[in-house]
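Dear colleague,

Please find the structure below, together with its sequence. My notes on it follow directly after.

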Amino acid sequence: MTSPLQNLVGPGKPLSAEPPDPREIEGLQRSGLARLRDARNATLSLESRFDLAYNAAHALSLAALRAHGFRPSNRYIVFQSLKHTLGVGPEVWRVLDKCHQQRNIAEYEGELDVSGRLVEDLIAACEAVRVACGL
């Protein structure tokens, strides 16, 4: 039986099959944990905390996808695949989706308008990903 992730592999599709690399996965996890720790630092600006938490969530989510033997062709698919890589629910990936959209606006339009609530929700979502990773 083909897995939902395997269905996303092929020409023009968002994933490619690639054997997991334990060193890469460990590095992504290490980076994600360090950024998550730093994102909790309330003395930093909201923008910095958002950036740190978003990149922590991405690194941990990417590590999970790589551990399953897939490499993404875009950033967003790592969050879309969380249901299949870590079994996390929509309450997590909806926050990450919103933050991904906000990150793109900041990255490509120079407009980063984040609230303390959004940053706290992002940190909580990232924490859920960390726990699901067993870290």
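I begin with E111, which sits in the loop between helix 5 and helix 6 (116-133). Please note that the model is a predicted one. With a relative accessible area of 48%, E111 is partly exposed. Together with E47, E109 and D113, E111 makes up a negative surface patch.

Apart from neighbours within four places in sequence, Q102 contacts F50, E111, L112, D113 and V114.

Salt bridges

The search of the whole structure returned 9 salt bridges. Three of them are described here.

R66 and E24 are joined through their side chains, with an N to O distance of 3.0 Å. This pair connects distant parts of the chain, as R66 is in helix 2 (residues 46-67) and E24 in helix 1 (residues 22-39), 42 residues apart. R66 is buried, at 0% relative accessibility, whereas E24 is partly exposed, at 22%. Both residues also take part in a network of salt bridges that links E18, E24, R66 and R71.

A salt bridge also brings together the side chains of E120 and R49, at 2.9 Å from N to O. E120 belongs to helix 6 and R49 to helix 2, so this pair ties together parts that are 71 residues apart in sequence. Here E120 is partly exposed, its relative accessibility being 41%, while R49 is buried, at 8%.

The salt bridge between D121 and R117 has its closest N and O atoms 3.1 Å apart. Both residues lie within helix 6, and the 4 residues that separate them correspond to about one turn of the helix. D121 is partly exposed, with a relative accessible area of 26%; R117, at 61% relative accessibility, is exposed.

Finally, N7 is located in the segment before strand 1 (15-17). The residue is partly exposed, with a relative accessible area of 44%. When neighbours within four places in sequence are set aside, N7 is in contact with T2 and K13.

With kind regards

How values were computed
Residues are numbered from 1 along each chain as its sequence is written. This is a predicted model: local features need pLDDT of at least 70, side-chain atom pairs count only at pLDDT 80 or more; totals for chains, interfaces and linings use all residues. Side-chain values use heavy atoms; hydrogens and water are left out. Helices (H or I, at least four residues) and strands (E, at least two) are DSSP runs, numbered from the N terminus. Buried means under 20% relative accessible area, exposed over 50%, partly exposed in between (1.4 Å probe, protein chains only). Contact means heavy atoms within 4.5 Å. Patches are made of residues with over 30% relative accessible area and no salt bridge: like charges are joined within 9 Å, nonpolar side chains (Val, Leu, Ile, Met, Phe, Trp, Tyr) within 5 Å. Accessible areas come from the Shrake-Rupley method with a 1.4 Å probe; for residues, only the protein chains shown count as cover. A salt bridge is a side-chain nitrogen of Lys or Arg within 4 Å of a carboxyl oxygen of Asp or Glu. Lys and Arg count as positive and Asp and Glu as negative; His and the chain ends are not counted. The place of a charge is taken as NZ of Lys, CZ of Arg, CG of Asp or CD of Glu.
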